Amino acid sequence: MSRIVTVGAAQLGPIARNESRARVVERLLALMRRARTRGCDLVVFPELALTTFFPRWYMESQAEIDAFFETAMPGPETEPLFAVARELGIGFYLGYAERVEEGGRVRRFNTSILVDGRGEVVGRYRKIHLPGHAENEPWRAFQHLEKRYFEPGDLGFGTWQAFGGVFGMALCNDRRWPETYRVLALKGMEMLLLGYNTPMHYPPVPGHDHLQGFHNHLCMQAGAYQNGTWVVAVAKAGREEGCDLLGQSCIIAPTGEIVAMSSTLGDELITAECDLDRTREIKEHIFNFELHRRPEEYRLIAERRGAVPPAA
């Protein structure tokens, strides 16, 4: 018996700073319609898919910053995504900047949602592992101010029943942390949906620039294999406002094998028929958590934040 979910990884090329939401949504809709012609049940878009990657700029005007945020989902400019999802019977994952009023204050998150083929929001995730820095560092070729513009996510790592399986969500830097995959796997995840914006140049350690593609796939292939899960990882790619972004969007099987990968730095759709029952090959044998895990020996992972070497 198989549980096939046909997934489209919808990579985006660069988005200009002055490109309108309406124009970006047109690009997303074109990829969604293409995905449906290929029989996709679900299409996955990148992190912060509606705008350019704005944390690369230091801004002091809150009005200028908030122009990149969504206050409702769907909103007037994003409603067509939900309408076409209903029309085509196709679901989607979308990353965006979320501005909400909660507890009497304004809060801002780097967020993703999972929407089903009825156009209904199934789940919401707010990015937990925020990279970068909070203050202006003018020595950089470009900034990475996620810590300035977003709060760490407060919803935890969730999983949801959808498309005949169990789905998890993450965003960009989350993929580099093994805890992301393991917590989600302990909640039954069979497929991880993940959007990213990854610069090819890393100013603090430029000697790693040539390893960006290798590290991108390394962490996700390991996460897929060690947790018996499909991983669908989708990039914003190409030269965006002077910053080169890594492409290499990919779909990874629970065995850690890349079964599909983008070949351009532009708007591109790659697809794969993903059998969710293939997760059992790993979950019931190689990494059978119930049989082999020793959580009593892992408590330090949750109790200690930074490394502490033994006494001399």
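Pro74 is found in the loop between helix H2 (62-66) and helix H3 (79-88), where helices (H or I, at least four residues) and strands (E, at least two) are DSSP runs numbered from the N terminus. The peptide bond that leads from Met73 into Pro74 is cis, with omega near 5°. Most peptide bonds are trans, and most residues other than glycine have a negative phi.

The model is a predicted one, in which local features need pLDDT of at least 70 and side-chain atom pairs count only at pLDDT 80 or more, while totals for chains, interfaces and linings use all residues. Residues are numbered from 1 along each chain as its sequence is written, and side-chain values use heavy atoms, with hydrogens and water left out.

**The chain as a whole**

The protein chain has 9 helices and 14 strands. Its radius of gyration, taken over C-alpha atoms, is 19 Å, close to the 20 Å that the globule rule (2.2 Å times the number of residues to the power 0.38) gives for 312 residues, so the chain is as compact as a globular protein of that length. Along the principal axes, the C-alpha atoms of the protein chain fill a box of roughly 60 × 55 × 45 Å.

Of the 312 residues in the protein chain, 53% are buried; buried means under 20% relative accessible area, exposed over 50%, and partly exposed in between (1.4 Å probe, protein chains only). The accessible surface of the protein chain, computed by the Shrake-Rupley method with a 1.4 Å probe, comes to about 13,900 Å², and carbon and sulfur atoms account for 52% of this area. Among the contacts in the protein chain with a separation of 6 or more, 70% are between residues 24 or more positions apart, a contact being heavy atoms within 4.5 Å.

The chain carries 36 positive and 40 negative charges, whose mean positions are 2 Å apart. Lys and Arg count as positive and Asp and Glu as negative, without His and the chain ends, and each charge is placed at NZ of Lys, CZ of Arg, CG of Asp or CD of Glu.

UniProt, in an unreviewed entry, lists residues 5-276 for "domain: CN hydrolase"; its positions are given in the numbering used here, feature names are shortened, and annotations may be inferred rather than shown by experiment.

Leu48, in the loop between strand S2 (42-44) and H2, has a positive phi near 45° although it is a residue other than glycine. Leu48 is buried, with a relative accessible area of 1%. Glu241, which lies in the loop between strand S10 (238-240) and strand S11 (243-245), also is not a glycine and has a positive phi of about 50°. Glu241 counts as partly exposed, at 39% relative accessibility.

**Selected residues and their surroundings**

| Pair | Separation in sequence | C-alpha distance |
|---|---|---|
| Val259 and Cys274 | 15 residues | 9.5 Å |
| Gly228 and His285 | 57 residues | 9.8 Å |
| Pro203 and Arg140 | 63 residues | 6.2 Å |

Val259 belongs to strand S13 (residues 258-261) and is partly exposed, with a relative accessible area of 44%. Not counting residues up to four places away in sequence, Val259 touches Trp230, Ile251, Ala253 and Ala272.

Gly228 sits in the loop between helix H6 (212-227) and strand S9 (230-236), and is buried at a relative accessible area of 0%. With residues up to four places away in sequence not counted, Gly228 touches Met189, Pro254, Thr279, Ile282 and Lys283.

Pro203 is found in the loop between strand S8 (191-197) and H6, and with a relative accessible area of 13% Pro203 is buried.

Ser112 has its place in strand S4 (residues 105-115) and counts as buried, at 0% relative accessibility. Its contacts, leaving aside neighbours within four places in sequence, are with Tyr93, Leu94, Gly95, Gly123, Arg124, Tyr125, Met169 and Leu171.
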